[in-house]
Amino acid sequence: MSRERRIGAQYNAARGGGLTDRVSTHMRRKMYARFMAAGVADDDRILDVGVTSDRAQLASNYLEAWHPRKDLITACGIDDASFLEDVYPGMTFVRGDGKDLPFPDASFDWVHSSAVLEHVGSAQEQARFVAELHRVSRKGVFLTTPNRWFPVEFHTVLPVVHWLPKPWFRALLRRLGHRELSREENLNLLGRRELDDACAQARLPEWRIDSVALLGWPSNLLLVARRPQATLMAAPRGDAAHAG
C-alpha cells in the first residue's frame, strides 16, 4: 500500500515556489491577460469565485493580487480566505458556495473563476456551478480549468494516466496514495467536450471555449460566456464558439 499523499488548499501536492508552482504562475499570468482582453472595463465590478486559503503558492488568488482595482473585487469561496481583505485593502471577501452563491441575479459585471470547476463534483454539479456563475453576472463569465488532454495531470504531476477511463484513473490514484484526489467530488477533470456539455446543461445562451498552451499543447481551457448585451465587445482569440 502506498503512503497517503496529502493535498493542500489548492488541491495539489506541489511545493510552493517549486518548479511546478512557477510554471503554474507563468500560465496564470497568461490567463489573467486573457481575462482582461475578454472585455473587462476599468470600472467593472468583478466576483472571483473559488478563492482559497492557501498562502504558500505563488499565484494563489492571482486576481486579487494582480488586478489594479481592489475596490471592485468581491472574492467568494468555501475556505476562510478573509485574510485577503488585509492583504489587498479595498476588496471584499464573502464566504459561500459557488453552486449556491449568496448574491442576487446580475450582481456583478464579470464573474471570474480559476481552476475551481474540476473540484465541484459530478458533471451535473459542474453544470450547476456554471449556471450559478452565469446567473450573478451582468456582462459575462470567465472560467478556467486544466485541460484533461494535456499530457501531465497538474494536481498530481503524473503523466498521461489521467487519459485512462475515469474509473481506472481513480483506482490508480488510490493505489498511488492520492486517495483524496481519487474522489470525484475533489477532482473531476474536463476536456473541451465535457466543458461544452456543462455549458449546454447550464442552458447558457452563448459561450466560447478557448485555451492557452504550454510547450505548444493546450494546457488550460478558458470559457467565456457573455451576456447578450456584451456580445459587441471585442471577441477574444479562440477556436470554438457556440450559441444556444
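Which residues form one aromatic cluster? Tyr32, Tyr62 and Trp66 do, where rings of Phe, Tyr and Trp (its six-membered ring) pair if their centres lie within 6.5 Å. This is a predicted model, so local features need pLDDT of at least 70 and side-chain atom pairs pLDDT 80 or more, while totals for chains, interfaces and linings use all residues. Residues are numbered from 1 along each chain as its sequence is written, and side-chain values use heavy atoms, with hydrogens and water left out.

By the ring rule, the count comes to 9 aromatic pairs. In one of them, Trp163 and Trp217 have ring centres 6.3 Å apart and planes at 25 degrees, so the pair is stacked (planes under 30 degrees apart; over 60 is edge-to-face, the rest tilted). Trp163 sits in the loop between β7 and α5 and Trp217 in strand β9, so the pair ties together parts 54 residues apart in sequence; strands (E, at least two residues) and helices (H or I, at least four) are DSSP runs, numbered from the N terminus. Both are partly exposed, Trp163 at 33% relative accessibility and Trp217 at 38% (buried is under 20%, exposed over 50%, partly exposed in between, with a 1.4 Å probe and protein chains only).

On the inside, the largest nonpolar core has 26 residues, and Leu117 and Phe129 are among those that touch the most other members. A core here is a set of buried Ala, Val, Leu, Ile, Met, Phe, Trp, Tyr and Cys residues joined through side-chain atoms within 4.5 Å. A second, separate core of 18 residues includes Trp66 and Ala38.
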